[in-house]
Amino acid sequence: MAEEHCASLAGHLTSIHSKEELEFVGGVIGEKFFFWTGGYREEGGVEPWSWKWSDGSAWDFTNWYPTEPDNYFGDEYFVLMYSDFEMVWYDHGDDKFPSICKKPVMM
Ligand SMILES: [Ca+2]
């Protein structure tokens with residue numbers, strides 16, 4: 001759903017590939033709340049789960065909260081981020097949260 005919204009803006013839910021990008025996204029948000037990134041994994045599967053970005057870019061950076069991802073409710077297929085100074089990630093089920101889109105710059 002959130003990904004469809006970003007697609008309507010010619011983008012994707014954000015992927016994050018470095019600490020610098022993490023801090024950039026945090027700076028854009030500027031407030032503390034949970035929001036969706038474009039991180040997801042296939043339903044089902046076994047640990048260790050393989051995570052992907054909805055924009056198809058490489059899964060080359062993570063910032064999980066120490067006990068995450070835990071698939072606590074058994075349906076936690078998406079990556080939620082909390083925008084305080086640490087910007088940690090949680091796997092989480094399909095719930096309503098704000099989302100951050102990312103789109104390529106046209107040169
Ligand atoms: Ca979790």
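Which residue in strand 4 is the bridge partner of Phe 34? The legends below take this up first.

**View 1. Strand 2 against strand 4 in the predicted model.** The bridge partner of Phe 34 in strand 4 is Tyr 82. Strand 2 covers residues 34-41, and strand 4 covers residues 78-82. The two strands pair in the antiparallel sense. Four bridges hold the pairing in the assignment. In a regular strand, side chains alternate between the two faces of the sheet.

**View 2. Strand 2 against strand 3.** Strand 3 spans residues 51-53. Strand 2 and strand 3 run antiparallel and are joined by three bridges.

**View 3. The whole chain, for orientation.** Two helices and six strands make up the secondary structure. Read from the N terminus, the order is α-β-α-β-β-β-β-β. The C-alpha trace spans about 40 × 30 × 25 Å along its principal axes. The radius of gyration is 13 Å, which agrees with the value near 13 Å for a compact globule of 107 residues. Buried residues account for 22% of the chain. Take the contacts between residues at least 6 apart in sequence: 61% of them join residues at least 24 apart.

**View 4. The largest nonpolar core.** Ten residues form this core: Ala 2, Cys 6, Leu 13, Trp 36, Tyr 77, Phe 78, Val 79, Leu 80, Met 81 and Trp 89. Helix 1 (2-8) and strand 4 each supply at least two of its residues. Strand 4 gives the largest share, four residues. In soluble globular proteins, nonpolar side chains tend to be buried together.

**View 5. Contacts of Leu 13, a core residue.** Neighbours within four places in sequence are left aside here. Leu 13 is in contact with Ala 2, Glu 3 and Cys 6, among others. Its contacts also include Trp 36, Thr 37 and Gly 38. Further contacts are Ser 54, Ser 99, Ile 100 and Cys 101.

**View 6. Phe 97 in its loop.** Phe 97 sits in the loop between strand 5 (89-92) and strand 6 (101-102). Buried or partly exposed? Phe 97 is partly exposed, because 14 other C-beta atoms lie within 10 Å. Phe 97 and Phe 34 are 63 residues apart in sequence, yet their C-alpha atoms are 6.6 Å apart in space. Not counting residues up to four places away in sequence, Phe 97 touches Phe 34, Phe 35, Trp 36 and Leu 80. Of these, Trp 36 and Leu 80 belong to the largest nonpolar core.

Note on methods. Residues numbered from 1 in each chain as written. Predicted model: local features only at pLDDT ≥ 70, side-chain atom pairs only at ≥ 80, totals over all residues. Pairing = 2+ DSSP bridges. Rg over C-alpha atoms; globule rule 2.2 N^0.38 Å. Buried ≥ 20, exposed ≤ 12 C-beta atoms within 10 Å, placed from the backbone. Contact = placed C-beta atoms within 7 Å. Core = buried A, V, L, I, M, F, W, Y, C linked by C-beta atoms within 7 Å.
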